[in-house]
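Here are a few friendly notes to read beside the model. Could you keep the structure open while you go through them?

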Amino acid sequence: MEFHIVVCAGLVPDPLQTLEPVMGPAGPGLKNEALLPSVIDPWAAHALFEAAHLARARPGSKVWLVSLAPKAKLQQVLMVVAQKVPFDLVAVDGPANGFTDASACAAALADAIAAIPGLDRQKLLVFGGWESASRAAGTTLQMVGERLGITEQFQGVDAVTVGADGAFEVLERIEGGRHQVATCSGAPAVCGWATGSLHEPPNSPQVGMMNMRTLMPALQKARAASVPLAGAFGAAAVPSARRDTRVVKDMSPDAIAQEIVEWIRQ
Amino acid sequence: MDPSMSVLVIVHTESDGALATPALEAVNAARALAQQLATPFHVGLVGAVVEPAAAALGTCGAASFRAVAGDAFAQARYATDVAAAAGIATAVGADLVIVPGTSRALRTAGGLAQRLGGVADTHVVGVAASAGVVSITRWFYRQRIEGTMSRTARPWVIALETGTTPAWAGAPGAGGVEAVAVSVETRSAVTGVRAPSTGEQTVRPDADLLLVAGAGWTKKQADGQVHAEAAQSAILGFLRASKASLGGSKSLVDQSGEGQAVLPFMTHLNQVGQTGSSPRHRKGLATCCHGEEPHVIGWRFVTERRAVNLNANCGWAQGKADVVYVADAFAVMKKVNELLGA
Ligand SMILES: Cc1cc2nc3c(=O)[nH]c(=O)nc-3n(C[C@H](O)[C@H](O)[C@H](O)COP(=O)(O)OP(=O)(O)OC[C@H]3O[C@@H](n4cnc5c(N)ncnc54)[C@H](O)[C@@H]3O)c2cc1C
């Protein structure tokens, strides 16, 4: 059985960037937000690679990437992502900021998914990152699923193993570094992915060329969505957390071990 | 203040009908919030069996206990859990719904809010009301920016991070439970729990100590060789002797994933940092970690921190740890294990 896989992925600042919140009249944002280099949200990127892998194994399947972010940034980041795996882009022009409301974001994503021409809801798997690296809430995909009437949902997913009939087994992260194992009779379902098990695919110019055909038109067609801040913010700050580090340089390993063991036993 | 504002806490029971610590923390937070708002609070229970939990909370002061119970609700499964929670919240007419930040409750917090036509916030580390205004504190950008905010939208589902509030403790009492009827169909079934394929359980959220291992353990050492076996026995020996939890840097867990299998017991579930977890432990010992500033948030919630590194300027330690020992971690940890009797 083939799948129609829709991957929801936002953009986040490159994790190596320093982030500084600034309070505006309406609420917080990031300093130089428009200039910060962005990447596709890491766990959502894993979801995209897993989706492409699954689609390849199931002839007739198709992957869409639905992304809500400022259009100009989407264009930049997708030039790179488009070289990785084949997909059709559905772009929604709106803020990518972590302080915005998950429900409004979910509403915009669900509307965009519902409007995809040719999408078969009975074959639909909604994929995305379990939690974003910006809002880091893990609520958006659940809300998208509810809006689309999908009540088979899985979060913190590291593996989906599909059988010949389309039924699948899914591993979800739970406490203690373990996975909960569940079975589901098949699509439609929502999977919020964690790391999964695939590596980032190498860049492929052919895939890039193919994606480019739908990418630019999708960006031009991108509808604007209004996604307000989640609430009235009293503050947003990076807590100053600098510690006075005692640097111990000329102690023997045995003496250090002794000190560490005493500290552990305290 | 709105005197009709109602507070509800929804918790899942364990297989024996008891409540685990995160559930008791959520009850305590809901109780305190209701007191600040001068409004009653209600308890919602979901699980196979709920009477022991209701009895344990008998004197917590809840205005009512509602429950969705039965074998179908023993499973941590989205379809049944979200239906149960929505049924209870609707029966109570709740404006504020507190749930614990367990994997089970987090799986449905957003879906619950959507069903109720409300909003949700997760990973909340503080909730309080002042002059009738409820505000929460949570981290944005994965533990990098801390924000305080309030919302006017209701119902508001608030998932409270575990370990951030004291657990409710009090005498048991007779708690009358009202059953809430919920009908739900699902195409999913939970079939079990799988421990890491490596056989050894190394992630222990309740441990006093977190050992963070970095990629240095798998790098060529002074003699130009990689000492995988020594690294493995140093780390596993320490975990067995100290009962510590094991965290790893992204570099290290990625290596295991790439089949280098230098430290086969390391999985992505061990990863701490910006795209991993930020566990809460009283103490943390980082060994062979360099990291960059954003990734050191892996031990944001570790209170006392020490590090062992060959490089005194290691980014994981300077300004982040209380003590950095400039030394060979292989030698230090071998001796530590001897002293611990490993
Ligand atoms: C999108 C993205 C997301 C990321 N997310 C995360 C994340 O969640 N978590 C994370 O950790 N990283 C993350 N990173 C990676 C991060 O940038 C660093 O690459 C990584 O943390 C460094 O790993 P390390 O400290 O183990 O290794 P290295 O940087 O290789 O450092 C090894 C250290 O070991 C020391 N050492 C070597 N031998 C010994 C010895 N015998 N005794 C003592 N010390 C020794 C060395 O002095 C050195 O300091 C992310 C990167 C990106 C791009």
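1. The lining of the largest cavity in this predicted model is made of 16 nonpolar, 13 polar and three charged residues. Here Ala, Val, Leu, Ile, Met, Phe, Trp, Tyr, Cys and Pro count as nonpolar, Asp, Glu, Lys and Arg as charged, and the others, Gly among them, as polar.

2. That largest cavity holds about 410 Å³ of space. Among its 32 lining residues, A:Gly10, A:Cys105, A:Ser132, A:Arg135 and A:Thr140 are the closest to the centre. In chain A, strand E2 (11-13), strand E6 (62-69), helix H3 (102-114) and helix H4 (140-147) each give two or more residues to this lining. Helices (H or I, at least four residues) and strands (E, at least two) are DSSP runs, numbered from the N terminus.

3. Searching the whole structure gives four cavities of 30 Å³ or more. A cavity is a set of points on a 1 Å grid over the protein atoms alone where a 1.4 Å probe fits but cannot get out, and lining residues have an atom within 4 Å of a point. Points are joined across faces, edges and corners, and the volume is the space filled by probe spheres set on them.

4. Chain A has six helices and 15 strands, and its C-alpha trace spans about 65 × 50 × 40 Å along the principal axes.

5. On conventions, residues are numbered from 1 along each chain as its sequence is written, and chains are lettered from A. Because the model is predicted, local features need pLDDT of at least 70, while totals for chains, interfaces and linings use all residues.

Technical notes
This is a predicted model: local features need pLDDT of at least 70, side-chain atom pairs count only at pLDDT 80 or more; totals for chains, interfaces and linings use all residues. Side-chain values use heavy atoms; hydrogens and water are left out. On a 1 Å grid over the protein atoms alone, a cavity is a set of points where a 1.4 Å probe fits but cannot get out, and a pocket is an open set with protein on both sides within 12 Å along at least five of seven lines; lining residues have an atom within 4 Å of a point.
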